Amino acid sequence: MSFTLEGVGFTHANGHRALAGVDLRVAAGERVALIGASGAGKTTLLRVLAASLRPGSGRVELLGSAPWDAAPRDLRRLRARIGVVHQAPPIPPRQRVVTAVLAGRLGQWPLWKSLASLVLPVDPEGARRELARLDLAERLYDRCDCLSGGQLQRVALARVLYQQPDLLLADEPVSAMDPALSELTVALLNDEARRRGVTLVASLHAVDLALRHFPRVVGVKDGAILFDLPAGQVSEALLRELYAAEGGLPLAGSPLPSPSPEAGPAAGTLPPLRCA
Ligand SMILES: Nc1ncnc2c1ncn2[C@@H]1O[C@H](COP(=O)(O)OP(=O)(O)OP(=O)(O)O)[C@@H](O)[C@H]1O
C-alpha cells in the first residue's frame, strides 16, 4: 500500500472543519485524481498525504510508516520520498530556475552537496533534462521572478520530476496553464508515474482532464469523500452532485499540440541573470 487514511479529520484553528472521516487506501503505482468544488478539502487532504499537516483524528500511514509516530529524522526521510507540487509554488523569486529544479533533491543529498549547489548548480544537465520535458529548457538560468505563473508551475513540476519521489502529490498543477499545455502536462505526469511505477495523486479543477488521464477518480465534497470510482464509472449525476454549489462542471477543453523540447544554453559556467 502506498498510503492509508482511516477516519482522518482536520479542523482549522478558527474552528472550520476541512476534513471529516476520510478513508482512503491507495496502492503503490496507482494514479488518482481528486476533484471537487473550491473549498471542498482537496488541498487539506494533499497536505495530510504530504505529512505536512497532522490530522486531529484518524490514522495515517504513508509509504509504510506512521509519520506522526516517527522520530524527527525518520519523518524527514519520509518527506524526502514524497514530492509535492503546490498550487502556488513556494519558490524564492530571485532564485534561478536551475537552482529551483535541483532543490528537488535537497532532502536526499548530503549537506555539503546541497550547499554547494546553491552556489554553483551541481547537476545543470539533470535540471535541463527535466525542463526540456516541459518545453522550458531555454529558461534554465533565468530568475524565477521573470517567469509567468504557468512557467513557474512547470518549474515546480520539473523539480518534482528531478526529485524522483515514491509518492507524487500535485495540487492543481496546471491551474495557471492554457488548455493545450494543461493537457500535455497532465499527460506527462501520468506517463512519468506509469514509467516509474510511482503513486500519483493530483487535484484538478478540470473534470475532463481528470476523467481522461486518471484510472481512479475521488470526488471530495464538504471535507468528505463523495465517491471513489474508476474514471469510467463516474456518472454525470455524480458530477452534478459534486459541483452542485458551483452551478456547472469545470472543464478545460483539450486541443493537443506536440511537445517541442528545446536545448538551453551551454552548461558549466553561469551566464548573467536575465529575463528572456
Ligand atoms: N488556514 C485556514 N484557516 C481556516 N480555514 C481554512 C484554512 N485553509 C483552508 N481553510 C478552509 O478549509 C476548507 C478546505 O480548504 P481546501 O484548501 O482544502 O479546499 P480545496 O478543495 O483545495 O479548495 P480549492 O479548490 O479552492 O483550492 C475550505 O472551506 C477553506 O476555507
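The legends below describe close-up views of a predicted model. Local features are given where pLDDT is at least 70 and side-chain atom pairs where pLDDT is 80 or more, while totals for chains, interfaces and linings use all residues. Residue numbers start from 1 along each chain as its sequence is written.

**View 1. The open sheet has six strands in the order 5-6-7-3-8-9, with mixed pairing.** Helices (H or I, at least four residues) and strands (E, at least two) are DSSP runs numbered from the N terminus. Two strands pair if DSSP finds at least two bridges between them. Strand 5 (82-85) and strand 9 (224-230) are at the edges with a single partner strand each, so one side of each has no neighbour in the sheet. From one strand to the next, the twist averages 15°.

**View 2. Strand 6 (residues 167-171) and strand 7 (residues 199-203) run parallel.** Five bridges join strand 6 to strand 7. Asp171 has Ser203 of strand 7 as its bridge partner.

**View 3. Strand 8 (residues 216-221) and strand 9 run antiparallel, joined by six bridges.** Lys221 stands opposite Ala224 in strand 9. The hairpin of these strands has two residues between them, and Asp222 takes a positive phi near 50° there.

**View 4. Helix 6 (residues 149-163) and helix 7 (residues 179-196) lie across strands of the sheet.** Contact requires C-beta atoms, placed from the backbone, within 7 Å. Axes are lines fitted to C-alpha atoms, for helices over the stretch in contact, and angles between N-to-C directions run from 0 to 180 degrees. Helix 6 lies across strand 5 and strand 6, at about 170° to strand 5. Helix 7 lies across strand 3 (31-35), strand 6 and strand 7, at about 160° to strand 7.

**View 5. Helix 5 (residues 124-133) has buried residues Pro124, Ala127, Arg128, Glu130 and Leu131.** Buried means that 20 or more other C-beta atoms, placed from the backbone, lie within 10 Å of the residue's own. These residues cover an arc of only 165° around the axis, which puts them on the same side of helix 5. The arc is that of the directions from the helix axis to the C-beta atoms. Their cover includes helix 3 (97-102) and helix 6. Asp135, which follows helix 5, has a positive phi near 60°.

**View 6. Residues surrounding the ligand include His12, Asn14, His16 and Lys42.** Helix 1 (residues 42-49) gives the largest share of the shell, three residues.

How values were computed:
Two residues are in contact if their C-beta atoms, placed from the backbone, lie within 7 Å. A residue is near a molecule or strand if its C-beta atom, placed from the backbone, lies within 6 Å of it. A residue is buried if 20 or more other C-beta atoms lie within 10 Å of its own, exposed if 12 or fewer, and partly exposed in between; C-beta atoms are placed from the backbone.
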